[in-house]
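Please examine the sequence and the structure before working through the solutions.

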Amino acid sequence: MQNLNRRSILTLGAALGLVAATEAPKAWAWSSAGSIAGTDTVTDPWEVWDDDTDPLVAALLDNGQVPAVNEAFASWIDNGDPLPGGLPSELTSYLMEVNTLPSWADPVKLDRAAQFNKRMSMYLFLLYGLGSGIMSTVIPREARNVYWSEGGADMQARAAKTFTYGYDLSALDAFKPTGKFVVTSHKTRLTHAAVRHLLPQSPAWLAATDNPIPISNGDILITFHSLGTYVHGKLREWRGWGLRMSAAEEEAYLHMWQVALHLLGVRDEFIPATWAAAHEQSRYVLTPLLAPTPEGIDLADILLNLVSQVDLGVTRGFQREFARYVLSDKIGNWLRLPRDYVSRGVIEVGWPAYVLFREGLSPIMPETFSTFDRFVRGLAMLFLSKGSSATHTPITIPTGNRPGT
C-alpha cells in the first residue's frame, strides 16, 4: 500500500467501498477570491496534501531515521534556536527553507493578537478546551485519524501536545525568537506528514475511514474552523453580555491564524482573507460534516474524564452541561453526554451574569461567581499545564499507528 500513489489509493479505497458519501465533503466551490492569495480559482483542498513535506518524512520513516530526528529535536524548542545538528541533510535543507514567517506576515498585527490573547485568555482557554476540543470528536475524519494513530492510545499525552500547540500560539512572544510557536508548527507539520504515510498502512483505519489519505489541506481548514472561526463566533455572540472586542483585535486574531495555517502547509489560496470569508467557508466545510462516530464518542469520554481529573470546583454533570452549552445539545446528544438540568439552569442564568461582572459592566457580583470563576480558572490551568505539567511538552514524529492495529 505504501508504494501506491495517492490517486491509486483513492481509487482502491472507492473500489473497496471505503468512501461514505454521507460524510465526504461536497464538491468544492469556494473561490480563492476570498483568500489571502486573492486569485479567482477553484481548487479542491481535499485533493491537496503537502508535496514539500510528505516525500521527505516518508523517506525518514522508511529509512528508520525518525527516532534519531526526535532525539535531535529535543534541543530545538525556541523560534530563535539554531537548527539542531545531526539531522539528515535533506531535513536540514527543508527546515532552512520553511523556518521563516511568510512575506505577508504583519508583526504589528501579530503583536496586537498576542495582547488580545492575553486579555481574553480565560475565555479562549474555556472555548478551546470545552468547545473546540470536544467539537473535534464529532469531526468524523479527525476523530478516526486521532483514534487509530499512535497518539490515540494515550490521549493524555496527545492532549498535552495539542495544548502545547494552542499555548504556544497564544503566548505573548509566539512568533518572536523567544517564543516557541514557529518551531511547534514545523514539528506539527512533520507529524502530519508522518501520519499521512502511516495511517494508510493500518487495516483498522482503512476499514473505518472514507478518505484513505488523511490530513489534506481541507482537513486542516476544518480544524482551523473548529478552533479560530468557532471561537471568534462565540466571542462575537458574547459581546451582547459586554465582552469587548475591537475591529482591529478581530483582524489581528484572524491574522494570527492565517500565519498559523501557512506554517502548517496550507496553501494561501485556501486561507480566508476576512472573517466574513472564514465564516462562509466554515459553513461550507465544517458544519455540514459534523457527525458522531464510535471513535469520536470514545475520545470525547476520555477527554472529559481528563478534564475531570482537575479540581474545577464543579460536578461532572456541570462540566458536561457546559460542554453542551458552548457547543449545542445536538452535539451533546451525539456524544451521549448525560444531562444535569439543575446545572444547565445555573449555567444559562449565571454565565451571562459572570461575563457582565468580569467585564466591569455590572456592579453586582452574581451568587454563582465563585463557581464559574473556579471552573474557568481550573480549565485555564489545565490548558497552561498542557494536560500534564508546567514543563515543555515535546512534539515528536510518530513511527507507528495505534498499538495492536
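A residue is called buried under 20% relative accessible area, exposed over 50% and partly exposed in between, with a 1.4 Å probe and protein chains only. The model is predicted: local features need pLDDT of at least 70, side-chain atom pairs count only at pLDDT 80 or more, and totals for chains, interfaces and linings use all residues. Residues are numbered from 1 along each chain as its sequence is written, and side-chain values use heavy atoms, with hydrogens and water left out.

**Exercise 1.** Classify the ring pair of Phe-322 and Trp-351.

Solution. Rings of Phe, Tyr and Trp (its six-membered ring) pair if their centres lie within 6.5 Å; planes under 30 degrees apart count as stacked, over 60 as edge-to-face and the rest as tilted. The structure holds 27 aromatic pairs. In this one the centres are 5.2 Å apart and the planes stand at 85°, so the pair is edge-to-face. Next, locate the partners: Phe-322 belongs to helix 15 (residues 316–327) and Trp-351 to helix 17 (residues 341–358), so the pair ties together parts 29 residues apart in sequence. Helices here are DSSP runs (H or I, at least four residues), numbered from the N terminus. Finally, Phe-322 has 0% relative accessibility and therefore counts as buried; Trp-351, at 0% relative accessibility, counts as buried too.

**Exercise 2.** Describe the pair of Tyr-354 and Phe-369.

Solution. The distance is 5.2 Å centre to centre and the angle between the planes is 35°, a tilted arrangement. Tyr-354 lies in helix 17 and Phe-369 in helix 18 (residues 369–384), so this pair ties together parts 15 residues apart in sequence. Both Tyr-354 and Phe-369 are buried. Ring pairs link these residues into a cluster whose members include Phe-322, Trp-351, Tyr-354, Phe-369 and Tyr-123.

**Exercise 3.** Which ring does the charged end of Arg-358 sit over?

Solution. A charge sits over a ring if NZ of Lys or CZ of Arg is within 6 Å of the ring centre and within 35 degrees of the ring normal. The charged end of Arg-358 is placed over the ring of Tyr-123, 5.4 Å from its centre. Likewise, Arg-402 lies over the face of Tyr-147, at 4.0 Å from the ring centre.

**Exercise 4.** Divide the residues lining the second largest pocket by type.

Solution. The lining residues divide into six nonpolar (Ala, Val, Leu, Ile, Met, Phe, Trp, Tyr, Cys and Pro), seven charged (Asp, Glu, Lys and Arg) and four polar (the others, Gly among them).

Notes:
Helix = DSSP H or I, 4+ residues; strand = E, 2+ residues; numbered from the N terminus.
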